[in-house]
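I opened the notebook to look up a few things in one model. The entries follow the order in which I checked them.

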Amino acid sequence: MLRRLGLLLRRGRRRERGSAVVEFIVLGVVMTLPVFYLIVTLARLQAGTYAVAAASREAGRTYVTASSEADGAARAQVSARMAYQDQGFDDGAVTVTCDADPCLTRDALVRTHATLAVQLPLLPDALSGILPTAIEVSADHAERVDRFGATS
């Protein structure tokens, strides 16, 4: 009786040979994919935060060094677009507000606000009604017009 039980156990073990390797590979892949997705998502969000910070800062800097408000607004948009493109984004926005009228009055404070919707990787747009498929990031920057510069 014990001999038969021993034979049955040995036969069962023979059938399971190599299954540990298969289980290890399957579980390894299943556990690694979410970690990989998390790393890719965090890297994309970090790029988005760098993009809005640079866009806001550069838009403010270029605006206050302009010779006119129209030129400043155009330069701010171009510099913000370049900052977004440096990080691989095409659709960011920047707004400029001033605490003086006209904006380029000496020692006036010019504020810029940059926003960007960072699309989460590998999520189809069809899920946008069910799940959030983008995370919005923003940055603010304040820059003073040179108090010793020429007035507009």
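Predicted model: local features only at pLDDT ≥ 70, side-chain atom pairs only at ≥ 80, totals over all residues.

**Entry 1: salt bridges.** How many salt bridges does a search of the whole structure find? The search returns four.

Arg 57 pairs with Glu 58, and their closest N and O atoms are 3.3 Å apart. Arg 61 pairs with Glu 58 as well, with a closest N and O distance of 3.6 Å. I looked up where that second pair sits. Both Arg 61 and Glu 58 lie in helix H2, three residues apart, about one turn of the helix.

Then I checked accessibility for these side chains. Arg 57 is partly exposed at 30%. Glu 58 is partly exposed at 26%. Arg 61 is partly exposed at 41%.

I moved on to helix H3. Asp 71 forms a salt bridge with Arg 75, the closest N and O atoms being 3.9 Å apart. I compared that with the cut-off: the criterion asks for within 4 Å, so the pair at 3.9 Å counts. Asp 71 and Arg 75 are four residues apart in helix H3, so about one helical turn separates them. Asp 71 has a relative accessibility of 30% and counts as partly exposed. Arg 75 counts as partly exposed too, at 31%. I also noted how the bridges connect: through shared partners, Arg 57, Glu 58 and Arg 61 join into one network.

**Entry 2: chain overview.** I stepped back to the whole chain. I find three helices and three strands in the protein chain. In what order do the elements run from the N terminus on? I read α-α-α-β-β-β.

The chain has 152 residues, and buried ones make up 26% of them. I then looked at contacts between residues at least 6 apart in sequence. Of these, 63% join residues at least 24 apart. The accessible surface comes to about 10,700 Å². Carbon and sulfur atoms account for 60% of that surface.

**Entry 3: the nonpolar core.** I recalled the general expectation before looking. In soluble globular proteins, nonpolar side chains tend to be buried together. The largest nonpolar core here has 25 residues. Which of its members touch the most other members? They are Val 52, Tyr 84, Phe 89 and Leu 116.

I listed the elements that give two or more residues to this core: helix H2 (19–64), helix H3 (69–86), strand E2 (109–119) and strand E3 (134–144). H2 gives the most, with nine residues.

**Entry 4: Thr 41.** I picked another residue of helix H2, Thr 41. Is Thr 41 buried or exposed? Thr 41 counts as buried, because its relative accessibility is 10% and the limit is under 20%. Not counting residues up to four places away in sequence, Thr 41 touches Leu 120 and Pro 121.

**Entry 5: the disulfide.** I searched for paired cysteines. The count comes to one disulfide. Cys 98 and Cys 103 form this link, with their sulfur atoms 1.7 Å apart. I read 105° about the S-S bond, and the link is right-handed.

How accessible are the two partners? Cys 98 is partly exposed, with a relative accessible area of 26%. Cys 103 is buried, at 11%.

**Entry 6: a nonpolar surface patch.** Which residues make the nonpolar patch of about 540 Å²? Val 21, Phe 24, Ile 25, Val 29 and Leu 33 make the patch. I checked one of them, Val 29. Val 29 lies in helix H2. Its relative accessibility is 45%, so Val 29 counts as partly exposed.

Definitions and conventions. Residues numbered from 1 in each chain as written. Heavy atoms only, no water. Disulfide = S-S within 2.5 Å. Buried < 20%, exposed > 50% of the residue type's maximum accessible area, 1.4 Å probe, protein only. Core = buried A, V, L, I, M, F, W, Y, C linked by side-chain atoms within 4.5 Å. Contact = heavy atoms within 4.5 Å. Salt bridge = Lys/Arg side-chain N within 4 Å of Asp/Glu carboxyl O. Patch = residues over 30% accessible without salt bridge, like charges linked within 9 Å, V, L, I, M, F, W, Y side chains within 5 Å. Areas by Shrake-Rupley, 256 points an atom, 1.4 Å probe, with all protein chains shown as cover.
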